Amino acid sequence: MEHRITIYCQTTALAELRDFLRRTLTMPFLSENDKLQLTLAVEEVCANLIIHSHGCNPKDHIDLEVKESPGKLIFEITDQGKAFNLLDYEIPDLIKVKGEKRKGGLGIILVKKIMDEIEFESTKGTNTCRLIKWFQS
Amino acid sequence: MLNIKGLEENGYHVLILQGEVDASNSVLLDESIQKLIADGNKAILIDGQGLEYISSAGLGVFMSYLEDFQEKNIDFRIFGLSEKVFEVFKILGLNQLMAIFPDKQTALSD
């Protein structure tokens, strides 16, 4: 089964994204912790795109598709903004973040710790970020 | 949707968080903590019993003040996080950097 949503690039759309994921992530193999963490990882990527790639321009949009396949869930996030490849981003040291009194940088750590695989590709102005979580069936 | 209420209890300034903290509203949390520091409060308690969700935007707010709390000798504590919200703090290792208590009683008696 496939599930899709399009959200516009403003941070208020994040609540809409969570509602969609709440309705979509109803698979019996998901615990409450899984549901929250998957929602969080997808939201972190979308929030990054909204803020950094699209400068919160409500005319721009992001598409999310959730695909269920045996043993895994795939979250495919596509946009046409400035490419932001998660894989190029080095995980910052937490003590350093604290020392620098920084507010940013934690989202990517969460995505990398929660998801099992992250794929990124950029073709003809369209960026696709695929977040994959494996489950034992 | 996030609601923040403030009150005084047992010498602590308590911030009661209700709802979800994300990139659209983390500025409210930021302003509340900033004001408490600016007003010279030395004991801040976060009541997280009604906190249903927090993204990195909210966690980043806490992180960005930890150094100030240390420098200004501010006693900063959090209590009442649900298991799934606490799990997110643990993923980042924030439970090692912040004083997090299961309930108000333990937070106030330790």
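## Strand pairing in chain A

S4(A) and S5(A) make a hairpin with two residues between them. Lys124(A), in the turn, has a positive phi of about 45 degrees. Strands (E, at least two residues) and helices (H or I, at least four) are DSSP runs, numbered from the N terminus.

S4(A) covers residues 117-123 and pairs with S5(A) in the antiparallel sense over seven bridges. Pairing requires at least two bridges found by DSSP. Ile118(A) stands opposite Leu131(A) in S5(A). S5(A), residues 126-134, also pairs with S3(A), residues 72-79, antiparallel over eight bridges. There, Ile74(A) stands opposite Ile132(A).

## Model and numbering

The model is predicted: local features need pLDDT of at least 70, side-chain atom pairs count only at pLDDT 80 or more, and totals for chains, interfaces and linings use all residues. Residues are numbered from 1 along each chain as its sequence is written, with chains lettered from A and ligands numbered from 1 in the order in which they are written.

## Contact between chains A and B

The contact takes 25 residues from chain A and 21 from chain B. Residues are in contact if their C-beta atoms, placed from the backbone, lie within 7 Å. On the chain A side, H2 (32-53), H3 (94-99) and H4 (106-114) each supply at least two residues. H2(A) gives the most, with eight residues.

## Helices H1 and H2 of chain A

H1(A), residues 13-24, meets H2(A) through Leu14(A), Leu17(A), Arg18(A) and Leu21(A). Their partners in H2(A) are Thr39(A), Val42(A), Glu43(A), Cys46(A) and Ala47(A).

Methods: Two residues are in contact if their C-beta atoms, placed from the backbone, lie within 7 Å.
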